[in-house]
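Let's walk through this structure together, one piece at a time. Keep the picture open while you read.

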2 protein chains.
Amino acid sequence: MEAELDELVQALRCLPGVGAKSARRMALHLLERDREGARRLSRAVDEAVARIGHCSVCRTLTSAETCSRCADPERDSRVVCVVESPGDVLAIESATDFGGRFHVLLGRLSPLDGIGPEELGLDRLEARLQAEGVEELILATNTSVEGEVTAHYLAEMAARHGIRTTRIAQGIPSGGELEYIDAGTLAHALSGRREY
Amino acid sequence: MEAELDELVQALRCLPGVGAKSARRMALHLLERDREGARRLSRAVDEAVARIGHCSVCRTLTSAETCSRCADPERDSRVVCVVESPGDVLAIESATDFGGRFHVLLGRLSPLDGIGPEELGLDRLEARLQAEGVEELILATNTSVEGEVTAHYLAEMAARHGIRTTRIAQGIPSGGELEYIDAGTLAHALSGRREY
């Protein structure tokens, strides 16, 4: 294969979910059918990599010093929702009308991988809790083992500051059928039942 | 969402098989976990778009005037394999030990879409047939309706020059089960049976 084509195929494989065959298909598509799209992609990647960093307040991805959400005075700074990644912020923003603030951990506590409170910069979150008059900390880490451990740690931290914590609900997903749901989820759904 | 991030997500959607969700996942992956890979991708796209054009002989993708296959004196120029796209060349090269020449149509005859012999540059293939002492033309267009029509047209063209034509075999794919094969394929497999 041509060196430039080969390099393009290899470079495309850094994208998540793209293997050798998809990368080849993508490379040929760009070169045969969408060179304008290819140029736009290259520019967009350059721009994004050069400009996008982390918000100095909540640590989500942004090209400014503080992200648009942290800079927005309309948002309720008494409620802070803690998530693991910038993608979680986008997911919550597009699915809900949550109007509070966010804090992005950029990871989760995972002692086996050497990720402790310092690596997650939890001192910055603690400083926010003290400085911003937070009244409720929503723990929206994933429901994986590490996510639960992280939520537990954050709850203890908030308790030391007398701040109320809530955890996103665990249960049957919308449209789910009980018969096919795993045992752990079903147990959570039953123990977490609410008045109807 | 940040403008640069939004633009990156939109730009990624030009890739085949990438929808809104995958594009967002890819953009976040590049920015959060693989900025070096992102830079490499951008460079590779730029290089490929700037340098790769079509071979002046066989029309496959190449960064040179003639591709490495057409420039290789070891290849048998008496056998020319006609395919629809550069991807087909790569597929045949990686799956077989074919040692002849290629000719890439960059499409197929499709009168309804206004694609006739001129649009496919079939005069260039005809010139090759006359000039290069071709003895066998392998018709390796797809087995779709348009691919068959194209193969038929090419066979007539080759016949005018007294050149033998062969068509790639149609039948049951390797590992296929007769019970689940479509009727057209099964009919082809039976009518195309060979001595065992």
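Search the whole structure and you get 24 salt bridges over all chains, a salt bridge being a side-chain nitrogen of Lys or Arg within 4 Å of a carboxyl oxygen of Asp or Glu. One of them joins A:Glu136 to A:Arg164, with the closest N and O atoms 3.5 Å apart. A:Glu136 sits in strand E5 (residues 136-139) of chain A and A:Arg164 in strand E6 (residues 164-167) of chain A, so this pair ties together parts that are 28 residues apart in sequence. Helices (H or I, at least four residues) and strands (E, at least two) are DSSP runs, numbered from the N terminus.

A quick word on the ground rules: this is a predicted model, where local features need pLDDT of at least 70 and side-chain atom pairs count only at pLDDT 80 or more, while totals for chains, interfaces and linings use all residues. Residues are numbered from 1 along each chain as its sequence is written, chains are lettered from A and ligands numbered from 1 in the order in which they are written, and side-chain values use heavy atoms, leaving out hydrogens and water.

Now find where chain B meets chain A. There, 50 residues of chain B are in contact with 50 residues of chain A, contact meaning heavy atoms within 4.5 Å. Four salt bridges are counted between the two chains. A:Glu4 makes a salt bridge with B:Arg51, their closest N and O atoms being 3.6 Å apart.

Back inside chain A, which residues of H6(A) meet H7(A)? They are A:Leu122, A:Leu125, A:Glu126 and A:Leu129, and they meet A:Tyr153, A:Leu154, A:Met157, A:Ala158 and A:Arg160 in H7(A).
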